Amino acid sequence: MRRFATRTDRVEAFSDGVFAVIITIMVLELRPPPDAGLHSLLLTLPSIATYAVSFLFIGIYWNNHHHMLRASEGIDGAAMWANLNLLFWLSLVPFSTAWLGRNPFAFGPTILYATIFLFDGIAYAVLQQTLVAVNGRGTSFSKAVGIDVKGKFSLLLYLIGIAGAFVNTLVTDAIIIAVAVMWLVPDRRFEPMIDIKRR
């Protein structure tokens, strides 16, 4: 049975603002080289690489978040709290990005970075399920979500990545990049529903 729901416009606008702030904070954490020599630029490469990966993840979340909310028939209080929960975990990405960028091979920063992404993924899955409840079981939205194989597989990879850090932090780095590459292929589950709503 479908819950009482309101339109998603304000939640989308607020979320877009938070996504923009997250990216802004991340880029402000980048520090220029200590001197003007090109060789000193090498010192900043770990920070730039970590920023690039984090930027990609935030972009992926923004893209999929946008499509999912557009496809939903509305949003209720539970979904609004689930959305805030997602934004909370995403807002920690700049902190973990800055720490890992300054300590690219250290165990602690690597574990935190992967753990934040794990909780981002869990929070997104929770939001997705609250929106399924809003739209109702058996609806087009619910069918589009399906069993979410890619989402569940991503969570499993994050867990493997966290465990892998105990062997070598490069294992964690490789798995995180693999998840990002996996999500580079756009999630088109909701696009047909958005097209129908536009008509």
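This is a predicted model: local features need pLDDT of at least 70, side-chain atom pairs count only at pLDDT 80 or more; totals for chains, interfaces and linings use all residues.

User: Which residues of H5 are the buried ones?

Analyst: Val-93, Pro-94, Ser-96, Thr-97, Ala-98, Leu-100 and Gly-101.

User: And what covers them?

Analyst: The cover includes helix H1 (9-28), helix H3 (45-71), helix H4 (77-91) and helix H6 (107-135).

User: OK, on to the nonpolar core. Which residues touch the most other members in the largest one?

Analyst: Phe-57, Leu-131 and Phe-141 do, in a core of 47 residues. At least two residues each come from H1, H3, H4, H5, H6, helix H7 (140-145), helix H8 (149-164) and helix H9 (169-184).

User: Which helix gives the largest share of this core?

Analyst: H6, with twelve residues. As a general point, nonpolar side chains tend to be buried together in soluble globular proteins.

User: What does Phe-57 contact, leaving aside its neighbours within four places in sequence?

Analyst: With those neighbours set aside, Phe-57 is in contact with Phe-117, Tyr-158, Ile-176, Val-179 and Ala-180.

User: I was also looking at Tyr-61. Buried or exposed?

Analyst: Buried, at 10% relative accessible area. Tyr-61 is found in helix H3.

User: How far apart are Tyr-61 and Ser-142 in space?

Analyst: 19 Å, C-alpha to C-alpha, and they are 81 residues apart in sequence.

User: Switching to charges. How many salt bridges are there?

Analyst: The count comes to three. In one of them, the side chains of Glu-12 and Arg-70 meet at 2.8 Å, N to O. Glu-12 sits in helix H1 and Arg-70 in helix H3, so this pair ties together parts that are 58 residues apart in sequence.

User: How accessible are Glu-12 and Arg-70?

Analyst: Glu-12 is buried, with a relative accessible area of 7%. Arg-70 is partly exposed, with 39%.

User: What about the bridge with Glu-29?

Analyst: The side chain of Glu-29 meets that of Arg-102 at 3.1 Å, N to O. Because Glu-29 lies in the loop between H1 and H2 while Arg-102 lies in helix H5, the pair ties together parts 73 residues apart in sequence. Glu-29 is partly exposed at 29% relative accessible area, and Arg-102 also counts as partly exposed, at 47% relative accessibility.

User: Which residue does Asp-9 meet in a salt bridge?

Analyst: Arg-7, at 2.8 Å, N to O between the side chains. Asp-9 is partly exposed, with a relative accessible area of 37%, whereas Arg-7 counts as exposed at 66% relative accessibility.

User: Now the surface. Which residues make the nonpolar patch of about 490 Å²?

Analyst: Leu-38, Leu-41, Leu-42, Leu-45 and Ile-48. The elements giving two or more residues to this patch are helix H2 (38-41) and H3.

User: Where does Leu-41 lie, and how accessible is Leu-41?

Analyst: Leu-41 lies in helix H2. Its relative accessible area is 37%, which means partly exposed. That clears the cut-off for patch residues, which need over 30% relative accessible area.

User: Last one, Thr-169. Which helix does Thr-169 lie in, and is Thr-169 buried or exposed?

Analyst: Thr-169 lies in helix H9 and counts as buried, at 7% relative accessibility.

User: Great, thanks!

Notes:
Residues are numbered from 1 along each chain as its sequence is written. Side-chain values use heavy atoms; hydrogens and water are left out. Buried means under 20% relative accessible area, exposed over 50%, partly exposed in between (1.4 Å probe, protein chains only). Helices (H or I, at least four residues) and strands (E, at least two) are DSSP runs, numbered from the N terminus. Contact means heavy atoms within 4.5 Å. Patches are made of residues with over 30% relative accessible area and no salt bridge: like charges are joined within 9 Å, nonpolar side chains (Val, Leu, Ile, Met, Phe, Trp, Tyr) within 5 Å. Accessible areas come from the Shrake-Rupley method with a 1.4 Å probe; for residues, only the protein chains shown count as cover. A salt bridge is a side-chain nitrogen of Lys or Arg within 4 Å of a carboxyl oxygen of Asp or Glu. A nonpolar core is a set of buried Ala, Val, Leu, Ile, Met, Phe, Trp, Tyr and Cys residues joined through side-chain atoms within 4.5 Å.
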